[in-house]
Amino acid sequence: MNISGSVALVTGANRGLGLAFSRELVRRGAAKVYGAARNPAAVTEPGVLPVALDITDGDQVERVAAQCADVSLLVNNAGVLRYSTFTSAPDPDAARQEMETNYFGTLRMCRAFAPVLAAAGGGAIVNMLSVTSFFTNPFDASYGASKAAEWSLTNGVRIELHHQGTLVVAVHAGFIDTEMAALTDAPKISPESVAAQVFDAVEAGQVEVLADERSRDIKAKLSRDHELIYPPIQEFWDAAVSGTS
Ligand SMILES: NC(=O)c1ccc[n+]([C@@H]2O[C@H](COP(=O)([O-])OP(=O)(O)OC[C@H]3O[C@@H](n4cnc5c(N)ncnc54)[C@H](OP(=O)(O)O)[C@@H]3O)[C@@H](O)[C@H]2O)c1
């Protein structure tokens, strides 16, 4: 589909990658860009229309789908990362918050906007996933579980909405240079690069974006994960818990 002339809605549009998505949509000539955020006053990008939306609030999601009934491109970007292990996380509710936002929030948005996109002639959904959709890292274990669930959701929604002509794009990336990844010094891709790759993929009708080397490398190793992916993670984790890392 063409970004130029489309009507887009971006969740979590107030900062980070959501802001980069919104800016790139305006730059590519989208006819209208709704910038959805829990605090709409924080959406100040020129050309972006602020909309109040917490994706964990079912009533609000329904209201926004009715209010923004002209959307043809839905960008499910909003997400949370609590850096939580499975067995030793100090806050057991972190996993629930991640699942409630990343999986159930995105599910709610897909359900609410499926008829809106059908009315627009199909349109597209972009789901912002992660390299951790593909494997588990104990440093962000419960986040990975939520992103794996969201990946599964994305593949299922693509099948379910094929009949109405909706393109469903899965986006995977390692660290992106936003507040979410501020804790790490690991290499990071820029949010602008992710946004450009994503809208190139939408325009080309591609169903998957592997936005950085880490995502491409891990996906290529999936069929031999217990040989190629997990041993170095295990080594790093063992060193971390024994205090030598
Ligand atoms: N940064 C990375 O390294 C990285 C890598 C791979 C994938 N991702 C994914 O990329 C997406 C964007 O992340 P980011 O890097 O831009 O992170 P970020 O800087 O932490 O921004 C997260 C955004 O999501 C919003 N949000 C969180 N919970 C929400 C809710 N319940 N309802 C509506 N909005 C909510 C936040 O709003 P508030 O300002 O109100 O908190 C904020 O706008 C996420 O899905 C994330 O999982 C990030």
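Contact here means that heavy atoms lie within 4.5 Å of each other. The model described in this report is a predicted one.

## Glutamine 60 and its surroundings

Glutamine 60 has its place in helix H2, which spans residues 58-67. Once its neighbours within four places in sequence are left aside, glutamine 60 is in contact with Ala52, Leu53 and Asp54. With Asp54 there is also a polar approach, since a polar atom of the glutamine 60 side chain lies 2.5 Å from the backbone nitrogen of aspartate 54.

Is glutamine 60 buried or exposed? Its relative accessible area is 19%, and because buried means under 20% relative accessible area, glutamine 60 is counted as buried.

## The ligand and its shell

Aspartate 54, the residue whose backbone nitrogen is approached by the side chain of glutamine 60, also takes part in the surroundings of the ligand, with a polar side-chain atom 2.9 Å from a ligand nitrogen atom. A polar backbone atom of isoleucine 55 lies 3.0 Å from a nitrogen atom of the ligand, while a polar backbone atom of glycine 12 is 3.2 Å from one of the ligand's oxygen atoms. On its own the ligand has 900 Å² of accessible area, and the protein covers 93% of it.

There are 27 residues around the ligand, and those that come nearest are Asn14, Arg15, Arg38, Tyr143 and Thr178. By class, the shell is made up of 13 nonpolar, nine polar and five charged residues. Helix H1 (16-27) and helix H4 (141-160) each contribute at least two residues to this shell.

In soluble globular proteins, nonpolar side chains tend to be buried together. In this model the largest nonpolar core has 32 residues, and the members with the most contacts inside it are Phe21, Leu25, Leu73, Val194, Phe199 and Val202. At least two residues of this core come from each of strand E1 (7-11), H1, strand E2 (32-37), strand E4 (73-76), strand E5 (124-128), strand E6 (167-172) and helix H5 (191-204). The largest share, six residues, is supplied by H5.

Which residues does valine 202 contact, leaving aside its neighbours within four places in sequence? Valine 202 is in contact with Met1, Ile3, Leu73, Ala124, Val126, Leu167 and Val169.

## Loop residues on either side of H3

Tyrosine 83 lies in the loop between E4 and H3, where it has a positive phi of about 45° although it is not a glycine. With a relative accessibility of 29%, tyrosine 83 counts as partly exposed. Serine 84 lies in the loop between E4 and H3 as well, but serine 84 is buried, with a relative accessible area of 6%. Apart from its neighbours within four places in sequence, serine 84 is in contact with Ala89, Asp91, Ala94, Pro138, Phe139, Asp140, Ala141 and Ser142.

Glycine 122 lies in the loop between helix H3 (93-119) and E5, and at 0% relative accessibility it counts as buried. Not counting residues up to four places away in sequence, glycine 122 touches Leu117, Gln164, Gly165 and Thr166. The C-alpha atom of glycine 122 is separated by 34 Å from that of arginine 82, with the two residues 40 apart along the chain.

Notes:
Residues numbered from 1 in each chain as written. Predicted model: local features only at pLDDT ≥ 70, side-chain atom pairs only at ≥ 80, totals over all residues. Heavy atoms only, no water. Near = heavy atom within 4 Å. Polar contact = N/O pair within 3.5 Å; in protein donor to acceptor, adjacent residues only side chain to side chain. Areas by Shrake-Rupley, 256 points an atom, 1.4 Å probe, with all protein chains shown as cover. Helix = DSSP H or I, 4+ residues; strand = E, 2+ residues; numbered from the N terminus. Nonpolar A, V, L, I, M, F, W, Y, C, P; charged D, E, K, R; others polar. Buried < 20%, exposed > 50% of the residue type's maximum accessible area, 1.4 Å probe, protein only. Core = buried A, V, L, I, M, F, W, Y, C linked by side-chain atoms within 4.5 Å.
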